[in-house]
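Please read the following account with the sequence and the model side by side, beginning with the charged side chains and ending with the pockets.

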Amino acid sequence: MRIGILTLHYAHNYGAMLQTYASVRLLSSLGHEVEVIDYRNPVVSGSYRPWRFDRGRLGSEGIPYLLKYVPESISRSVRSRGFNRFLRRLPLTPSFGGFDAVLVGSDQVWNPRWTGGPDPVYHGDFDAGGAKKIAWAASSDGADPVLLDRFDAISVRERALYERLAGRGEKPVLLQDPVLCVDPSVWRDLAGTPSGGPYVLAYPMLDGEKVISIAEKVSREKGLPLVILSPRASWRCRKGTVQWASPERFLSLVAGASCVITSSFHGTAFSVLFQKPFLSVPVGENIRTGSLLERAGLLSRLCAEYREGAMDSPIDYGSVSSVLLSFREEAESFLESALKP
């Protein structure tokens with residue numbers, strides 16, 4: 001079958017691009033011809049523009065704003081290059097037509113806080129000819145999705161969303177993020193051979209100071225240097241920070257770490273995929289991360305408050321590998337059923 005993927009592939013965000021790559025790899029491995037529809041929500045796309053001049057801040061802050069704006073924009077431009085290079089790995093097409101099915105998702109395609117209100121396109125409001133429209137491990141991050149009557153099949157990533165839709169009379173299927181549904185060798189190949197000596201990696205997507213504080217304690221306990229992987233570029237950063245990492249470099253840093261401390265869902269997911277000792281710092285409702293760790297039997301790795309030796313608690317990655325295999329089987333089963341003529 002010829003399948004189109006409609007997602008947030010263009011966001012300069014490790015999870016957004018890597019889940020798209022995973023979807024392409026998974027569908028291709030099942031014998032399908034796959035393309036990524038290059039639709040871009042203007043709010044999401046605009047939020048990742050390197051040069052984002054704010055006249056309001058210039059008026060209120062004056063010259064100090066310019067002194068930060070210029071170097072920060074240059075830094076964002078440097079970071080953007082790695083993401084733009086990775087985009088060339090994806091089979092992009094401008095067309096919605098000519099497909100047997102269009103998969104909407106994964107990622108937070110139904111999160112209005114990301115898309116500047118509900119984006120009708122991500123809720124199925126597009127002309128795909130006679131193609132099936134399938135919600136593919138879609139996420140709303142707590143928001144209530146609309147227009148779901150336009151989909152022929154629905155799968156979602158969070159249990160809370162699954163239960164809410166089921167309560168409305170929908171028939172959703174609960175799946176995990178696509179990065180967890182391909183063989184981990186896909187990520188090892190992209191990561192390449194990690195360089196440098198042993199280190200503790202902090203990836204503070206949210207609640208950064210808490211993540212870094214915990215990572216500093218782990219670093220002292222283990223006598224290892226601390227590397228901070230920044231989720232964004234800044235005009236200045238603390239010592240030991242990597243802020244221009246491409247998606248491949250992100251994978252390499254996780255793969256090469258002795259252990260990981262993160263508040264990111266995808267930081268947690270790739271720590272699991274690379275079988276790392278890790279701690280996941282809960283932020284807000286922690287919907288996606290909590291759902292993953294519960295399924296994998298790793299809720300003990302949530303670390304709201306650090307306790308000495310927490311990183312040394314063993315993880316049975318043999319059992320976790322069996323869970324990851326079940327994630328893939330569930331995804332393949334859903335696709336087989338949803339794509340039936």
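A residue is called buried when its relative accessible area is under 20%, exposed when it is over 50%, and partly exposed in between, as judged with a 1.4 Å probe on protein chains only. This is a predicted model, in which local features need pLDDT of at least 70 and side-chain atom pairs count only at pLDDT 80 or more, while totals for chains, interfaces and linings use all residues. Residues are numbered from 1 along each chain as its sequence is written, and side-chain values use heavy atoms, with hydrogens and water left out.

Side chains of opposite charge can pair when their charged atoms come close. A search of the whole structure for salt bridges (a side-chain nitrogen of Lys or Arg within 4 Å of a carboxyl oxygen of Asp or Glu) finds twelve of them. One of these joins D312 to K222, with 2.7 Å from N to O. Because D312 lies in the loop between α11 (287–296) and α12 (317–338), whereas K222 belongs to helix α8 (residues 208–222), this pair ties together parts that are 90 residues apart in sequence; helices (H or I, at least four residues) and strands (E, at least two) are DSSP runs, numbered from the N terminus. K222 is partly exposed, at 34% relative accessibility.

Another salt bridge links E33 with R2, whose closest N and O atoms are 3.6 Å apart. Here E33 sits in strand β2 (residues 33–37) and R2 in strand β1 (residues 2–6), so the bridge connects parts that are 31 residues apart in sequence. E33 is partly exposed, with a relative accessible area of 47%. Between R40 and D38 the closest N and O atoms of the salt bridge are 2.9 Å apart, and both residues are partly exposed, R40 at 34% and D38 at 28%.

Turning to the pockets, a pocket is, on a 1 Å grid over the protein atoms alone, an open set of points where a 1.4 Å probe fits, with protein on both sides within 12 Å along at least five of seven lines, and its lining residues have an atom within 4 Å of a point. The largest pocket is lined by 38 residues, of which N13, W114, M205, L206 and R232 lie nearest its centre. The largest share of this lining, five residues, comes from α4. In the second largest pocket, the largest share of the lining is three residues and comes from α8.
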